[in-house]
Structure formats: C-alpha cells, structure tokens
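Reader: I would like to learn how to read a structure like this one, feature by feature. Please give the general idea first and then the case at hand.

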Amino acid sequence: MRKHGNGTGWWCSDREMADGQRYGFRLLRAGEWTDPLPDPRSRRQPDGPLGLSQVYADGFTWTDDQWTGRILPGQSIYELHVGTFTPQGTFEGAEEKLDYLLELGVTTIEIMPVQPFGGNHNWGYDGVDWHCVHEGYGGPEGLKHLVNACHNKNIAVILDVVYNHFGPVGNFTPLFGPYTTSGATDWGDVVNFCGPGSDEVRRYVLDAARQWLTEFHIDGLRLDAVQTIVDTSATHILEELSILATEIEATTGLQKTLIAESDQNDPKLVAPRGGNGLGGFGLDAQWEDDLHHALHALTSGETHTYYEDFASVDALAQTVAHVFYHHGTFSSFRGRTHGRQLDTSATPAFRFLAYTTTHDQTGNRPAGDRPSQYLSAEKIVLKAAIVLSTPYTPMLFMGEEFGAQTPFPFFCSHCNEDLNRLTREGRQRQFRYQGFSEEAVATMPDPADEKTFASAKLDWNFTADNERILSAYKKLFQLRKKLKFTRPWLDQLTVEHTDNWIGFGYKDAFLVANLSDDTATAPFTGNLEYSLTEPAVSDAGTQLPPWSFAILTDVSRV
C-alpha cells in the first residue's frame with residue numbers, strides 16, 4: 001500500500017478485489033507486523049469482528065417500489081431485539097411476525113443494533129464494524145429482505161445505531177487512526193468527533209448512516225445515548241446527521257426519521273437547526289423517560305435512584321402536560337437542577353416517544369424482570385392506556401403487549417473470560433449504586449451464561465391472561481386512532497389531577513385513571529368508550545375501581 005498524497009492520512013492500494021473475496025490488513029507497529037486485521041470499513045464479517053473482512057457488492061433485488069415512507073406523526077413504534085424476538089432469532093424469524101404486528105396496530109419497527117459483536121448473542125450495544133450486519137441474524141442480505149418485506153406490508157423500519165462508543169471485542173480502529181480519544185463513557189472510550197484527525201472519524205459515521213438510509217432502505221435511525229457524544233465543533237455531529245437525512249429525503253422523496261435517546265431533558269435536540277435563535281440539532285424526535293419514570297414509580301412503588309422524584313400523580317400530570325418533569329428544576333437523584341423548559345406551543349408532542357418500558361428499563365435491573373412479571377394485568381393495561389391516550393408517539397417493547405412472563409436480562413458473549421468477568425462485576429456495582437438489595441445483586445443472572453440469553457426469548461404460547469392483555473392493547477390502539485388522541489399541541493390538552501387520579505384529553509376524547517388502592521371518583525362524565533374494569537359513569541362523575549381507567553367521549557366536568 002502507499003500513502004495518499006492529499007495529506008488526509010489515507011493509504012491506498014491498486015489491487016482489484018472481487019465480490020466475496022476475503023481480506024485483511026497487516027500493520028507495522030513498533031517495528032513488527034500485526035496479524036491480519038479486519039477493515040474498519042468492512043461491509044461484511046462472515047466470522048464476526050475478529051475474522052477477516054469480505055468484499056460485499058450490493059446485488060439485492062428490491063420490490064418496495066410502492067413504498068412512500070412514513071412521516072413521524074401518527075406512528076406507533078415497536079422496539080424489538082432480533083435474537084430474542086422469535087425462536088429463530090433471525091431477520092427471517094422477525095419477518096414471520098409482521099402480520100401479527102399489523103393486527104396489533106404497529107406502523108414501525110425499531111430494531112436494536114445489528115452491528116457485529118463478540119460471540120453469538122448480545123444486546124447489540126457492544127457492536128463494532130459500523131458498516132456491517134451481524135451474520136448470526138442473517139447478514140446484510142437478511143436485513144434487506146426484512147426491510148423489503150416490511151415496506152410491502154406498509155411498515156417502516158428504524159435501526160438503532162451506536163455512535164458514542166465502540167464495543168470491547170474486535171475494535172481495531174485505534175490501530176488504523178485516531179477514532180477514539182482520551183476520556184471514557186460508561187461503556188468504552190470516547191469517539192473522536194472534534195480532536196485532531198476527527199474529520200475522517202465524522203465521515204466514518206456519516207457514511208455508515210448514509211448506507212443504512214439509502215442502500216438498505218432504512219426509514220430512520222435511533223441514536224443511542226447521545227448525551228455521551230463529546231463534540232465541541234461549531235456544527236455538532238448530530239446536526240450533521242440531521243442535514244444528511246434532509247439531503248436524502250430530498251433525493252429519494254422518502255421521510256428519514258432521526259430519533260435521539262438522551263437523559264438530559266434538552267429540547268435542543270428536536271429544535272430546528274439554525275434559525276429563530278434556537279440553534280437546535282434538527283432531529284425528529286427523542287425518547288421521553290420522565291413519563292416512564294412516573295408510571296413505574298406509581299404502579300410498582302419503587303422509589304430508588306432516579307425514581308425518587310416521580311412517585312406522585314403530580315409528577316405524572318406534569319409529564320403528560322409538559323413532557324419533562326425536570327425542566328430546570330432540582331433533581332434529588334442528581335443533586336442539582338436538571339433539564340430545560342420546553343415551549344409546548346411551538347414543539348409538537350409527536351416529537352417525543354412515550355412508553356411503559358424499554359429494553360433499558362427492563363434489562364437494566366438485576367433480574368431483567370419485565371413489569372408484567374411483577375404487576376397485575378390491570379396495572380399493565382392501565383399504563384398502556386395512559387401512554388396510548390397521550391399525544392406523544394407511543395413505543396412498545398416487544399412482548400409487553402401480551403404481558404410476557406419471560407425476562408429480558410442483559411446478556412453478552414465476549415469470547416474472553418476477563419471481559420465477561422469485568423462486565424459481570426461492573427453491572428453488580430451499578431445495581432448496588434442504584435439501591436437494589438444485596439440479594440438481588442448476588443442472584444443476578446450471569447450475562448455470559450447461555451441460559452441468560454435463552455431465558456430472554458419470547459414465549460409465543462399465549463395463556464388466557466396473555467390473550468386478555470393483548471386484546472386490551474389492540475383496543476387501545478384502535479381507540480387512539482378513532483378518537484384522534486394524536487393531536488399535536490400540548491397547550492390544547494386539558495390535564496387535571498388529585499393525589500390519586502388523573503384526567504386528560506379533549507371534550508371528545510378523554511381518559512380518567514385511578515392510580516391508587518382505593519376507589520376514586522373523577523369529576524368527569526360522558527359516554528364510556530372503553531375500560532378494562534367496570535367504572536360507574538353518572539352525572540356525579542366517573543367512579544373508578546383501584547388501578548383502573550375509563551376512556552370517555554362527549555365529556556363534561558361535573
């Protein structure tokens with residue numbers, strides 16, 4: 001190879017490569033040649049991140065010419081992990097469940113990361129080779145086949161991507177260039193977005209994003225933990241990703257949605273780029289954890305760590321009405337003020353994703369126990385009714401819609417016992433810090449044990465309780481659409497509450513919910529559209545059994 005003369009640090013070769021050919025690079029380090037290393041820009045890793053790369057030429061035949069894309073308003077998102085969603089644990093297996101998702105009311109699937117990782121099973125956030133697809137799921141052809149099938153059933157696809165750190169197995173990028181820099185996230189070294197040599201690192205990320213949004217026909221990206229991205233550049237990498245998505249939309253005519261995960265409660269993420277003095281990043285949406293925290297604290301009674309500020313109906317009401325509970329207010333968990341006020345008259349509610357649980361909120365518990373494993377069916381459906389009656393964009397985590405009794409613990413297979421041990425010990429420290437009992441920490445499933453991964457696979461053999469919860473979810477999705485709970489402007493939403501009930505909505509579509517162990521009467525009457533229990537609606541108001549809800553139309557306050 002020879003060094004390119006343009007001063008960018010690139011090396012090049014005149015050797016011609018054929019489709020399917022395997023290759024790697026030897027690097028001269030401290031006077032010695034390394035073993036063959038995979039290409040950091042590899043398009044295919046048949047043997048995983050430690051093996052040789054393979055030349056991959058796009059030859060897939062698409063049949064989604066009729067796909068017109070999906071704008072964000074009105075979407076219902078379903079988060080899934082390919083390896084545990086079906087018994088097969090593959091893209092092909094996921095494809096077999098598309099009709100089920102359509103019947104449920106899902107319009108978009110969000111696939112947890114699929115970049116290559118060490119071993120055979122992982123959540124995906126330990127990925128490397130950011131232009132590749134894990135072979136165990138079906139490789140690049142399998143992902144394209146799934147996207148093609150989704151589009152032919154009018155389902156959009158969002159891909160979860162991780163640009164804040166590299167995984168610990170197979171990350172050879174520091175040998176090839178300054179891909180990382182000093183400092184660390186909770187999961188690995190800081191990616192070099194603004195130091196010397198960072199131009200090519202930014203290009204590495206932008207080219208990967210372009211590949212998914214164009215060649216793979218992906219409809220959007222979920223950007224993992226963006227608060228850990230360190231970028232002091234005048235144009236932040238998130239803004240550059242937003243610009244890229246806009247350019248692709250202009251050339252394809254298809255919506256490309258960017259969704260950020262962040263715990264900063266910062267509306268800057270979804271504020272418009274540049275103008276109006278906002279200087280936002282121009283992303284389409286962000287996850288909204290505060291609503292989850294309030295629902296979880298109220299229904300479970302857990303008040304440790306970040307839940308300690310949320311155990312009141314007032315906290316729930318504030319998140320329903322204003323998105324962020326902490327908006328420049330004091331956070332007991334952080335010991336400081338947190339968040340920033342959102343202008344609810346200028347930012348539509350659909351820019352925020354609401355959920356009863358996620359892979360994080362389930363999996364980042366010692367046992368990985370789902371809410372449906374420790375809450376009643378009434379509480380599970382109550383939480384869903386609240387989320388699906390808000391104007392936010394709803395997101396489900398796979399299995400919640402039927403009250404799955406299988407856990408979703410953290411699992412990995414790092415191919416290195418020291419790494420596996422460090423992962424196990426690190427998670428135990430985290431759980432102790434979060435206030436979980438020593439017994440819970442001591443009995444935590446070993447992330448590297450094959451049984452831990454196997455336990456997370458969904459059980460699709462439904463019990464009567466599963467069917468009852470699933471039927472309720474389907475009805476709630478139907479009512480969300482029928483009653484137009486998706487109205488965009490929060491300042492048009494009526495929200496009232498006491499210490500034990502909340503009511504919110506509009507005159508023609510209103511939800512009242514009892515979040516206590518006692519019967520409660522909310523001062524609203526109307527026509528009862530749906531409830532899982534038997535509320536008494538009269539001229540005196542709506543009397544609700546414990547942990548129940550009622551959806552009303554033609555509402556008036558008594």
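This is a predicted model: local features need pLDDT of at least 70, side-chain atom pairs count only at pLDDT 80 or more; totals for chains, interfaces and linings use all residues.

Reader: In which sense do strand 7 and strand 8 pair, parallel or antiparallel?

Author: Strands of a sheet pair through backbone hydrogen bonds, in either a parallel or an antiparallel sense. Two strands count as paired if DSSP finds at least two bridges between them. Helices (H or I, at least four residues) and strands (E, at least two) are DSSP runs, numbered from the N terminus. Here strand 7 (residues 77–80) and strand 8 (residues 108–111) are parallel, over 4 bridges.

Reader: Which helix packs on the sheet at strand 8?

Author: Angles run from 0 to 180 degrees between N-to-C directions, with axes fitted to C-alpha atoms, for helices over the stretch in contact. Contact means heavy atoms within 4.5 Å. Helix 4 (residues 139–152) touches strand 8 and strand 9 (156–161), and its direction makes about 165° with that of strand 8.

Reader: How many strands does the closed barrel have?

Author: The barrel is made of 8 strands in the order 7-8-9-12-13-14-17-18, with parallel pairing. From one strand to the next the twist averages 30°.

Reader: What span is expected of helix 7?

Author: The expected span is 1.5 Å times one less than the number of residues. Helix 7 (residues 237–252) has 16 residues and reaches 22 Å from its first C-alpha to its last, close to the expected 22 Å.

Reader: Which residues of helix 7 are buried, and what covers them?

Author: Buried means under 20% relative accessible area, exposed over 50%, and partly exposed in between (1.4 Å probe, protein chains only). The buried residues of helix 7 include Ile 237, Leu 241, Leu 244 and Ile 248. Their cover includes helix 6 (198–213), strand 12 (220–223) and strand 13 (257–260). In helix 6, the buried residues include Val 201, Tyr 204, Leu 206 and Trp 212, and helix 7 is among the elements that cover the buried residues of helix 6.

Reader: Which residues does the UniProt annotation "active site" cover?

Author: UniProt positions are given in the numbering used here, with shortened feature names, and annotations may be inferred rather than shown by experiment. The unreviewed entry gives "active site" for Asp 224 and Glu 261. They span 38 residues in sequence, yet no two of their C-alpha atoms are more than 5.3 Å apart, so they gather at one spot.

Reader: Where does Glu 261 lie, and is this residue buried or exposed?

Author: Glu 261 is in the loop between strand 13 and strand 14 (285–287). With a relative accessible area of 10%, Glu 261 is buried. Its contacts include Asp 224, Trp 287 and Asp 360. Asp 224, in the loop between strand 12 and helix 7, counts as buried at 8% relative accessibility.

Conventions: Residues are numbered from 1 along each chain as its sequence is written. Side-chain values use heavy atoms; hydrogens and water are left out. Lists of a residue's contacts leave out its neighbours within four places in sequence.
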